[in-house]
Amino acid sequence: MSIASVDTARLAEVGGPAPVLLTVEEAAYCLRIGRTTCFALIRTGELESLMVGGLRRVPADAPAAYLARRRAEQLAA
């Protein structure tokens with residue numbers, strides 16, 4: 001999964017770099033889930049996140065890693 005689905009068009013227009021960290025809302029959008037569900041995944045440790053100052057951020061590759069783990073679990077079942 002790429003982060004292209006996140007609204008990064010603004011950065012691309014000005015030649016900025018792709019984001020390294022996503023907000024919880026952006027991560028939820030990538031996974032097509034709600035914000036509350038995304039926070040629940042973070043709380044249980046299923047979705048990687050970190051605090052930057054007082055802000056919760058999700059590494060840009062974490063949604064894809066979460067999806068890969070879920071797919072592997074389903075295939076193993």
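Student: Is cysteine 30 buried or exposed?
Tutor: Cysteine 30 is buried, with a relative accessible area of 5%. Buried means under 20% relative accessible area and exposed over 50%, with partly exposed in between (1.4 Å probe, protein chains only). This is a predicted model, where local features need pLDDT of at least 70, side-chain atom pairs count only at pLDDT 80 or more, and totals for chains, interfaces and linings use all residues. Residues are numbered from 1 along each chain as its sequence is written, and side-chain values use heavy atoms, leaving out hydrogens and water.

Student: Thanks! Which helix holds cysteine 30?
Tutor: Helix 2, residues 24–31. Helices (H or I, at least four residues) and strands (E, at least two) are DSSP runs, numbered from the N terminus.

Student: And how many helices and strands are there in the protein?
Tutor: The protein has 4 helices and 3 strands, and from the N terminus on they run α-β-α-α-β-β-α.

Student: Switching to helix 4, which of its residues are buried?
Tutor: Ala62, Pro63 and Tyr66. Seen down the axis of helix 4, these buried residues fall within an arc of 105°, so they line one face of the helix. That arc is taken from the directions from the helix axis to the C-beta atoms.

Student: What do the buried residues of helix 4 pack against?
Tutor: They pack against strand 1 (21–22), helix 2, helix 3 (35–44) and strand 3 (55–59). Contact means heavy atoms within 4.5 Å.

Student: Which exposed residues are on the face turned away?
Tutor: Arg71, Leu75 and Ala76 sit on the face of helix 4 turned away from its buried side.
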